[in-house]
Amino acid sequence: MSAVPVQVPFQLPDGAPDLRAALLDWYDIHRRRLAWRPAADEARPDPYRVWLSEIMLQQTTTPHATPYFEAFTRRWPTVSDLAAAPDADVMAAWAGLGYYARARNLLACARAVAGGHGGVFPDTEAGLLALPGVGAYTAAAVAAIAFGRPANVVDGNVERIMARLFAVETPLPAARPELKRLAGVLVADHRPGDWAQALMDLGATVCRPGNPLCDRCPLTAWCAAFQSGQPGCWPLKTKKADRPRRHGVVWVLRDDRGRVALVRRPDRGLLGGMMGLPTSDWSAAPVEAAPPAPADWRVAGAIDHVFTHFALTLEVRAGEGTGDFVWTPVDEALAALPTVFRKALERGLA
Ligand code: SF4
């Protein structure tokens with residue numbers, strides 16, 4: 001739906017405590033059962049599990065992150081276990097989650113906690129923020145959820161709810177400081193971790209991006225966007241420029257045992273340190289590139305993939321041959337490769 005500015009006079013409600021109570025009551029009944037959350041009657045969540053889930057959930061949906069979270073915590077039940085893991089094992093276990101710099105930061109943070117804090121996470125927002133790879137959002141989320149600190153936990157869900165509750169007329173991303181200030185006004189000492197998670201759950205299940213389900217929402221009495229009759233118009237957004245597109249070639253080379261040729265990518269840069277298929281540079285226009293080994297190369301089609309800052313089209317070429325590669329059985333390669341290369345491998349094998 002296009003954003004239609006609707007002027008709604010609105011102030012911070014006198015009934016802010018009632019608004020908080022209404023959302024916490026709703027949360028007590030409708031909270032999502034998530035792998036990283038203890039049952040309602042258990043003790044406070046384990047900071048390691050909260051931290052790990054928050055890192056995984058950055059740029060990743062809950063259903064996609066859940067099996068990774070379960071696999072990580074089965075294999076590395078504590079932060080010290082994770083800190084002791086070889087880099088290659090953690091990078092391979094992360095494959096498919098995307099945004100691979102997070103995996104490197106994950107290890108750096110685990111090692112800082114294990115080495116510098118005796119395996120115990122700092123219990124303040126400032127202490128958490130000092131850890132490698134922990135940004136303002138993650139520090140606030142862990143401080144609130146794991147340690148009961150009244151931290152202002154603001155992600156895209158919370159921004160959307162604030163924009164609607166207060167009918168904020170400034171478009172995103174310029175509205176961010178204002179939305180954070182509004183969210184901060186509603187934070188209180190009472191159940192701060194539940195408050196943060198209640199907002200997350202409301203944003204994920206009711207106050208959804210395109211089509212808010214206001215008839216299921218406990219906040220309609222306070223919501224200016226609801227009162228306008230057009231709640232889906234918020235948050236207002238500045239139109240984004242289209243992503244630039246890059247092009248390249250990727251080679252699926254198999255040997256006479258059916259194994260596939262992989263390479264380890266350089267530590268720095270996109271997908272750094274991950275296993276990948278041999279590929280050309282990715283440039284603004286299609287270019288002809290020399291193959292990584294002699295073979296009877298044939299074009300097997302193309303795949304598209306979208307990264308944060310650009311879209312990528314890779315022509316897939318397949319062949320049989322030999323060479324100095326990490327020769328890997330196909331099943332293992334499919335499990336270990338980042339998504340863009342997994343797509344290319346599937347195309348090359350088809
Ligand atoms: Fe979102 Fe509708 Fe609830 Fe307002 S009433 S917070 S728009 S779901």
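## Aromatic pairs

Rings of Phe, Tyr and Trp (its six-membered ring) pair if their centres lie within 6.5 Å, and planes under 30 degrees apart count as stacked, over 60 as edge-to-face and the rest as tilted. By this rule there are 10 aromatic pairs. The ring centres of W36 and F69 are 5.3 Å apart with planes at 75°, so this pair is edge-to-face.

The model is predicted, so local features need pLDDT of at least 70 and side-chain atom pairs count only at pLDDT 80 or more, while totals for chains, interfaces and linings use all residues. Residues are numbered from 1 along each chain as its sequence is written, and side-chain values use heavy atoms, leaving out hydrogens and water.

## Strands

Strands (E, at least two residues) are DSSP runs, numbered from the N terminus, and two of them pair if DSSP finds at least two bridges between them. Strand β1 (residues 245-254) has 7 of its 10 residues buried, so β1 is largely enclosed by the rest of the structure. β1 pairs with strand β5 (residues 311-320) in the parallel sense over 10 bridges, and in β5 the bridge partner of R245 is A311. Strand β4 (residues 298-306) runs antiparallel to β5, joined by 8 bridges.

## Ligand surroundings

Residues with a heavy atom within 4 Å of the ligand count as near, and those around the ligand include R164, V206 and C207.

Note on methods. Buried means under 20% relative accessible area, exposed over 50%, partly exposed in between (1.4 Å probe, protein chains only). Helices (H or I, at least four residues) and strands (E, at least two) are DSSP runs, numbered from the N terminus.
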